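Open the structure in your viewer and keep the selection tool at hand. The stops below say what to select and what is there.

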Amino acid sequence: MGIELDDELVAQLRESVRGTVLLRGDDGLAAEATCFNPTIRHDPDILVAARDEGDVVQAVRFARANGLPLRIQATGHGSEAPISGGLLLITRDLDLLDVDAASRRARIGAGLRWAPVIAATAEHGLAPVTGSSTSVGAVGYTLGGGLGPLARSHGFTADWVRGFRVVTADGELVTADDTTHPELFWALRGGKGGLGVVTEMTLELVPLSSLYGGSVFFEGDAIEDAFRAWTDWAAGLAEEATTSVAFLRIPDVEGPPPPLRGRSLLNVRFAYPGDAEEGERLFAPMRAAAPVYLDFVAEMPATAVATIHNDPEVGGPSWIRGHMLDSFDRELAEALLPLIGPRAESPFLAVEVRQLGGATHRDPAGGTAVGGRASTHTFSSIAADPTTFAEAAPVHAEAIAAVLGDRVSPVTNINWATDLDDPAEFDRMWPPTIASRLAETRSRWDPERVFPFGPA
């Protein structure tokens, strides 16, 4: 049951914006509010699909004047939970992209996914420190920190942000960087939400035209041996290289490449942004660990970074449970195999372990609000069959969590969170000192909670 909005005020809002304004029940609202995960359906009182920053300003002022909570959906993978009531602001059309090769910086609008950023910067021999999927929204991903294929060599994507343009709770457009509103700048690099509407970010780029990377697949009897080998090999890997591993159960349906369909596989990913010969030497132990089914690790252009993880580019139903870990070793790998290995009765399409360390453990000069820097690994379980979402996936995830036990970090990065409305889970998104500082910053910039974020 929503609220009644004054027709005259809604008409005034429609007159003041270039974009689209839709009320609950209007044709087109569901299409405007669609998510990457179609099982998530939003039901706002009013939706504003902004065309420019001016529209964002008007939407924020309207929400504040009418006592409406304002939530944001940009692009990419969208929300992880349904949004009900209030004003839903869509920033998909804020697609500014300006690359300054001389300063190695890119201005990136809130509506852009990584793919066009990667393509445009590659023309200058540069690259963003990007996520594993090019279909993820660049700004939304970065606000939570951002861990991608170059995590160990280059850190969190948020470490490379040099400024934001933000519409604040009072409807003012401000710049936040290390000299102008530095506290807001600190909070936006990892604090995720409740601070304002980011319309644009400025990202420092890295000189990178190629890297040695990709993925290999193991099947059948080779899977468990390769997983054990990965666990030992990764523990001694140079921090300039980043690796992850995923147990995959690919359904026999249209969509996946034919060599993968209907198979249980182990996928080992690798990225080394350096000399190809050295990268090949570093990866050689994994090629020797067990018979390789498919091998796609080689020197590649930086524009092919998304092929390392091969995350889906088209949305679909998903249920995800994520953790960060303080350690991962052979003992834990052996304990997990009965639950996630090729002989397990598992509802998960993918179970992934990413190795962190190196640059992810180092906060850059000036600091950020990124949570999870102390962790050594991430752990994710992903189901894609909606019939498993209510019972089978949660039950199996709890069994896995019991095995992970006290390896689970006390802090879980916000991008790995599942329920921000749960006070206990929300409290685990940042170390206590960062969480306290974030709460103070949110209270200062949004004292009326125009941008509700976390438990009420």
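The tour visits packed helices, then a pocket, then a cavity.

This is a predicted model, in which local features need pLDDT of at least 70, side-chain atom pairs count only at pLDDT 80 or more, and totals for chains, interfaces and linings use all residues. Residues are numbered from 1 along each chain as its sequence is written, and side-chain values use heavy atoms, with hydrogens and water left out.

**Stop 1: α1 and α3**

Select residues 7-16, which form helix α1, and residues 53-65, which form helix α3. Helices here are DSSP runs (H or I, at least four residues), strands are runs of E with at least two, and both are numbered from the N terminus. Two packed helices are described by the angle between their axes and the distance between the axes. For α1 and α3 the angle is about 165° and the axes are 10 Å apart. Axes are lines fitted to C-alpha atoms, for helices over the stretch in contact, and angles run from 0 to 180 degrees between N-to-C directions. The angle makes α1 roughly antiparallel to α3 (angles over 145 degrees count as such).

Now show side chains: L9, V10, L13 and S16 of α1 meet D55, Q58 and F62 of α3. Contact means heavy atoms within 4.5 Å. The residues of this contact of α1 with α3 comprise four nonpolar, two polar and one charged. Ala, Val, Leu, Ile, Met, Phe, Trp, Tyr, Cys and Pro count as nonpolar, Asp, Glu, Lys and Arg as charged, and the others, Gly among them, as polar.

**Stop 2: α8 and its two partners**

Select helix α8 (residues 222-235) and helix α10 (residues 330-340). Their axes come within 9 Å and cross at roughly 155°. α8 and α10 are therefore roughly antiparallel to each other. On the α8 side, look for E224, F227, R228, T231 and D232; on the α10 side, for R330, A333, E334 and L337. This contact of α8 with α10 has three nonpolar, one polar and five charged residues.

**Stop 3**

Select F426, A439, R442, R449 and F453, which lie nearest the centre of the second largest pocket among its 15 lining residues. A pocket is an open set of points on a 1 Å grid over the protein atoms alone, with protein on both sides within 12 Å along at least five of seven lines; lining residues have an atom within 4 Å of a point. Helix α13 (residues 432-445) gives the most to this lining, with six residues.

**Stop 3: the largest cavity**

Select G148, P149, T242, T243 and H309, the closest to the centre of the largest cavity. In a cavity a 1.4 Å probe fits but cannot get out. The lining of the largest cavity has seven nonpolar, six polar and two charged residues.

Key
Parallel < 35°, antiparallel > 145°, perpendicular 65-115°, else oblique.
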